[in-house]
Amino acid sequence: MCQVCRRSFMRGAAALGAAGMFSSPLLAQARRGNTGASKLPPRGEFTIANAHVMTMDSMLGDIADGSVHVRNGEIVAVGKDVQGGGEKIDGAGMIVMPGLVETHWHMWNTLFRSFAGDKPEDGYFPTVARFGQQMSPDDTFQSTRLSAAEAINSGMTFVHSWCHNVRSTAHAEADIRALAEVGIRARHSCGWPQGLPDTQSVDQGAIESLARNWESWSNEGLITLGMAWRGQFRAGPIKPEVYQPEFDNARKLGLPITLHVASARKAVNQIEPLYKAKLMGKDVQLIHTLSASAAELDMIKEAGAAVSVSPGSELRIGYGYPQISEMLAKGIPLGISIDTSALTGSSNMFGVLKLARDSENARVESEFKMTARKALELGTIEGARSMGIDDKIGSLKPGKRADLIVISPNALNMAIVTDPAHLVLEATGPENVDTVVIDGRILKAGGKLAGLDTRKVIAEARAALAGVRERTKWR
Ligand SMILES: [Zn+2]
């Protein structure tokens with residue numbers, strides 16, 4: 001690794017982020033919309049050359065000394081002998097790969113990071129329900145913005161903001177505004193307010209208002225809308241007259257649906273009722289499904305539903321091990337997720353992907369059950385497939401949107417470059433993510449977030465938490 005090359009790379013990336021000399025006048029005029037996200041760096045044209053490119057595309061594979069040419073948010077060319085245009089960025093000694101795709105994260109409760117305690121009354125669910133009920137729309141904004149900034153800093157370029165504390169339309173709007181301000185690609189799944197009794201249907205006002213006017217919220221198509229649904233079971237069963245109208249409304253609005261189901265190993269027999277009631281389909285994402293029987297996995301496959309598992313939180317809360325290998329063997333679309341910083345603390349997706357691989361190996365007591373590359377696929381192309389967006393992102397291929405990261409192994413924890421897939425999975429931390437590009441915008445360069453004042457993000461999130469603390473008389 002050449003220090004001079006790295007510096008020139010950082011200078012190039014930083015210059016692009018700041019100057020945006022190749023930005024399109026048309027894009028510069030892009031409508032502000034409701035999100036007000038007009039301060040993002042412009043999209044430019046640049047070529048990263050001489051890098052080790054892990055395309056995560058089955059045909060293109062890894063390219064040593066490869067180049068990636070990006071123009072106006074799109075990947076124009078990937079290969080060894082690319083004569084790319086725009087700013088030339090020397091990526092010698094760097095690893096370029098698609099940005100990580102996160103598939104279920106309660107970003108609204110990052111304000112309660114590491115707050116799930118050591119006694120049942122301080123556990124995740126009572127804690128989040130109690131304090132979540134005191135959150136204002138601005139608290140939601142602060143929590144989600146902190147999460148989105150952390151996401152980009154650690155190499156995620158897509159997140160699924162699973163918003164199950166929609167106390168008013170303004171709360172949902174605040175979540176979306178935070179995603180837009182930071183510039184991340186995302187799905188906002190609009191849910192219910194914490195504390196809502198399981199006997200009561202969710203008010204559809206917020207989701208209908210957003211769906212009616214979605215174009216103005218979508219941040220030029222970077223953010224999409226879905227419904228976060230309670231499903232048929234919470235603490236106990238929910239009655240059909242409560243859950244069915246919610247499900248039907250999502251279908252009527254044409255929105256993808258996501259729900260937690262069979263979350264813990266002991267929460268058995270929850271997937272078959274969903275199947276029998278015809279509440280699964282290609283537009284439905286199931287979270288956890290740890291207790292699924294072999295027959296229930298067949299039902300998920302037949303229905304065409306996708307699954308998201310979150311080993312970081314599942315292991316921490318004692319749900320058990322996810323059935324990753326079983327689902328892959330059935331061909332079920334599968335993504336990996338953070339779930340909640342209240343349980344996981346930091347939200348380093350590389351660490352969660354490593355846990356996914358390690359938990360598979362631990363279950364069968366084998367060093368070789370899951371490859372490092374398969375774990376990275378789950379965090380990129382397979383995650384994108386599970387969210388139905390693999391035509392746009394998840395691999396580095398001409399025609400796809402330019403969501404990519406550059407990893408610098410020039411650090412004490414990564415300095416010896418051996419097998420790239422193993423090294424990236426096992427050693428990458430946020431500090432090694434040198435550059436992050438989302439939709440062609442350079443949002444992190446030279447290890448620093450571009451266009452975002454991280455001190456302000458942290459200070460305002462802390463102030464929001466202090467307010468919640470005050471209102472709940474939490475000492
Ligand atoms: Zn969850």
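Predicted model: local features only at pLDDT ≥ 70, side-chain atom pairs only at ≥ 80, totals over all residues.
Leaving aside neighbours within four places in sequence, serine 337 is in contact with Glu102, Thr103, His104, Ser308, Val309, Ser310 and Val352.

**Serine 337**
- Serine 337 lies in the loop that runs between strand 13, residues 334-336, and helix 12, residues 341-344.
- With a relative accessible area of 0%, serine 337 counts as buried, because the cut-off for that class is under 20%.
- The side chain of serine 337 is joined to the side chain of histidine 104 by a polar contact of 2.9 Å, and His104 is also among the residues listed as being in contact with serine 337.

- Eight strands form an open sheet in the order 6-7-8-9-10-11-12-13, and their pairing is parallel.
- Strand 6 (100-101) and strand 13 stand at the edges of this sheet, and each has a single partner strand, so one side of each is left without a neighbour in the sheet.
- Within the sheet, strand 8 (residues 185-190) and strand 9 (residues 223-228) run parallel and are joined by five bridges; histidine 188 has leucine 225, in strand 9, as its bridge partner.

**The nonpolar patch**
- On the surface, Leu315, Tyr321 and Leu355 form a nonpolar patch, whose members together have about 230 Å² of accessible area.
- Leucine 315, one of the patch residues, is placed in helix 10, which covers residues 311-317.
- Leucine 315 has a relative accessible area of 33% and is therefore partly exposed, as that class lies between the cut-offs of 20% and 50%.

Conventions. Residues numbered from 1 in each chain as written. Heavy atoms only, no water. Helix = DSSP H or I, 4+ residues; strand = E, 2+ residues; numbered from the N terminus. Buried < 20%, exposed > 50% of the residue type's maximum accessible area, 1.4 Å probe, protein only. Polar contact = N/O pair within 3.5 Å; in protein donor to acceptor, adjacent residues only side chain to side chain. Contact = heavy atoms within 4.5 Å. Patch = residues over 30% accessible without salt bridge, like charges linked within 9 Å, V, L, I, M, F, W, Y side chains within 5 Å. Areas by Shrake-Rupley, 256 points an atom, 1.4 Å probe, with all protein chains shown as cover. Salt bridge = Lys/Arg side-chain N within 4 Å of Asp/Glu carboxyl O. Pairing = 2+ DSSP bridges.
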